[in-house]
Amino acid sequence: MFSSRLKYFLAVVPFLAMTSVPMHATTILSENFDEVPAALGVTTAGVFSAIGGTNIDVVGAADGFGYLCTGPESGNCVDLGGSNGNDPVGNIDLTTSLTLAAGVYDLSFDLIGSQRGETTSTTVDFGTYSQTFVLTSGDITSGVVINQAVTVTGGSTQLEFIDNGTPDNIGALLDNVSISTVSAVPEPSSLMLLGTGILGAAALMRRRLTA
């Protein structure tokens, strides 16, 4: 009877220790556009590039449009509407696609309304994630995504933001884009719990054998 209980205890202790293991995120990509010079009608912004003949605006205090980066956004942000050209509606991809192992990743970004009276439509694609956000001008919450779990099949993986609107130079505003992976890493306290449990079980066994 004692032996059965001891075996049960030895089996449960590691499980209890691992269930208390914290999750540590490792950032793979982070872009808030604050290091990108504010400019209109550009084709690159940080780690992103406009494709298909489109362009975007990097707006901020330096060009007098900093008031657009409101709510959860701050510093510089990207106006996906772009400026000038034949097709200013922004379609941006990562300049260099990510090479990822198959697994689950967390995607975060702040996408807010145009702040200029127009409703915008923006599609976000990453791995198995594809979501279209229709935002009224003053909407600063519906397009804010925090740690959305996304399954990636592995290999070359692209992150894309697509402005579905008409080319009128007014788009949704993008900021604080990040991708991270989450892995289980035992803290010292968790390892100590596991070791203490095993030592305690061993002591009980020894007393039982010497009794």
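This is a predicted model: local features need pLDDT of at least 70, side-chain atom pairs count only at pLDDT 80 or more; totals for chains, interfaces and linings use all residues.
Local features need pLDDT of at least 70, side-chain atom pairs count only at pLDDT 80 or more, and totals for chains, interfaces and linings use all residues. Residues are numbered from 1 along each chain as its sequence is written, and side-chain values use heavy atoms, with hydrogens and water left out.

An open sheet of 6 strands runs in the order S3-S4-S7-S14-S10-S11, with antiparallel pairing. Strands are DSSP runs (E, at least two residues), numbered from the N terminus. Two strands count as paired if DSSP finds at least two bridges between them. Strand S3 (44–45) and strand S11 (129–135) form the edges, and each pairs on one side only. Strand S4 (residues 48–50) is joined to strand S7 (residues 91–94) by 3 bridges. Within that antiparallel pair, Ala50 has Ile92 of S7 as its bridge partner.

S10 and S11 pair over 7 bridges, again in the antiparallel sense. Thr120 stands opposite Leu135 in S11. The hairpin of these strands has 2 residues between them, and Gly127 takes a positive phi near 55°. Strand S10 (residues 120–126) also holds Thr122. Thr122 counts as buried because its relative accessibility is 0%; the cut-off for buried is under 20% relative accessible area, exposed is over 50%, and partly exposed lies in between (1.4 Å probe, protein chains only). Contacts are heavy atoms within 4.5 Å. Neighbours within four places in sequence aside, Thr122 touches residues including Gln131, Thr132 and Phe133, as well as Ile162 and Ala172.

The largest nonpolar core has 33 residues. Such a core is a set of buried Ala, Val, Leu, Ile, Met, Phe, Trp, Tyr and Cys residues joined through side-chain atoms within 4.5 Å. Strand S9 (residues 103–112) gives the largest share, 4 residues. Residues with the most contacts inside the core include Leu107, Phe109, Phe161 and Val177. Beyond four places in sequence, Val177 is in contact with Leu29, Phe33, Phe48 and Leu159, among others. Another core, of 6 residues, lies apart and includes Val59, Leu68, Cys77 and Ile112.

At the surface, Leu40, Phe65 and Tyr67 form a nonpolar patch with about 310 Å² of accessible area together. Areas come from the Shrake-Rupley method with a 1.4 Å probe; for residues, only the protein chains shown count as cover. Tyr67 sits in the loop between strand S5 (56–59) and strand S6 (77–79). Tyr67 counts as exposed because its relative accessibility is 55%. Like charges are joined within 9 Å, and nonpolar side chains (Val, Leu, Ile, Met, Phe, Trp, Tyr) within 5 Å.

Notes. Patches are made of residues with over 30% relative accessible area and no salt bridge: like charges are joined within 9 Å, nonpolar side chains (Val, Leu, Ile, Met, Phe, Trp, Tyr) within 5 Å. A salt bridge is a side-chain nitrogen of Lys or Arg within 4 Å of a carboxyl oxygen of Asp or Glu.
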